[in-house]
Amino acid sequence: NYSFLRLSNLEGSPIADKRIRQAFNYAVDKDTLLSELYGGQGKVLPGQLSGPEMFGFNPNLQPYPFDPDQAKSLLAEAGAENLEIEIISPQGRWTADGLRAQAIGGMLEQIGLTVKVTLINFDQWIKLADRGQTPNAPAVMNFQTENPLFDADRTVTGYYTDISSFSAYKNPELLPLIEQARSELDTVKREQLYQQIFELGRDDPPALFLIQPADVWGLSERLRWTPVPDGRTLFKDMTFG
């Protein structure tokens, strides 16, 4: 799982300027979120919606450091010091989702933004997140996604281009790379393409990169079942003794 705020750069978005989206990433203390909301169970995302388990992961990228002064400087450069934003988040869908949104809202206010956090049920959230149902995508939405294929294609086509109706991001520089990677048969070249995509996506972020929460299981001694890496719980694989 990868938790993040989806940040829209589509036409009309108040945060289309990449400096604003970079500022969001500098403004949030991801280590504190990890320790306080997840008990330290997980990892901070390294500037990409990916982890080492995914083909195409870029090992050279680092998380955005917590640097409120840099965030304020970027907002000033973009002329967005008095920006008002709304964070739309489901409550009760993912671990600590509402608390996460509220904590991030407080951190963004510390760099001078005016932030409204709206907590809604998941059915309402889906309608707003899907551009097929809500063409004018909200600027900031609390998201969590998974990639059971362990291949970057699912992630980059889902969130690094507006091909997907659940993306609110468009970058003409990335689209040809994504299309090339989808048809590239050379494994080494294909991996390099995804690493390049993630690198470019760190500079022009489609998201406020947050946490990769760990799956935590509590098992009865009677249960014979081994958790799997993609987090799926298939009852057909479980037996009791």
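**Exercise 1. State the handedness of the crossing of helix 2 and helix 4, then describe the packing.**

Step 1. The crossing of helix 2 with helix 4 is right-handed; by convention, right-handed means that the near helix is turned clockwise from the far one by less than a right angle, and left-handed anticlockwise. Helices here are DSSP runs of H or I with at least four residues, strands are E runs of at least two, and both are numbered from the N terminus.

The model is predicted: local features need pLDDT of at least 70, side-chain atom pairs count only at pLDDT 80 or more, and totals for chains, interfaces and linings use all residues. Residues are numbered from 1 along each chain as its sequence is written, and side-chain values use heavy atoms, without hydrogens and water.

Step 2. Two packed helices are described by the angle between their axes and by the distance between the axes. For helix 2 (residues 30-38) and helix 4 (residues 97-109), the angle is about 145 degrees and the axes are 11 Å apart. Axes are lines fitted to C-alpha atoms over the stretch in contact, and angles run from 0 to 180 degrees between N-to-C directions.

Step 3. Helix 2 contributes Leu33, Leu37 and Tyr38; helix 4 answers with Leu99, Arg100, Ala103, Ile104 and Met107. Contact means heavy atoms within 4.5 Å.

**Exercise 2. Explain why helix 6 is largely enclosed.**

Step 1. Of the 8 residues of helix 6 (residues 152-159), 7 are buried, so the rest of the structure largely encloses this helix.

Step 2. The cover includes strand 1 (2-7), strand 5 (140-145), helix 7 (175-183) and helix 8 (187-203).

**Exercise 3. Find what surrounds Ser167.**

Step 1. Ser167 lies in the loop between helix 6 and helix 7. Ser167 is buried, at 1% relative accessible area.

Step 2. Beyond neighbours within four places in sequence, Ser167 contacts Arg6, Arg131, Gly158, Tyr159, Thr161 and Asp162. Gly158 and Tyr159 are among the buried residues of helix 6.

Step 3. A polar atom of the Ser167 side chain lies 2.9 Å from the backbone oxygen of Thr161.

Notes
Buried means under 20% relative accessible area, exposed over 50%, partly exposed in between (1.4 Å probe, protein chains only). A polar contact is a pair of N or O atoms within 3.5 Å; within protein, one must be able to donate a hydrogen and the other to accept it, and residues adjacent in sequence count only if both atoms are side-chain atoms.
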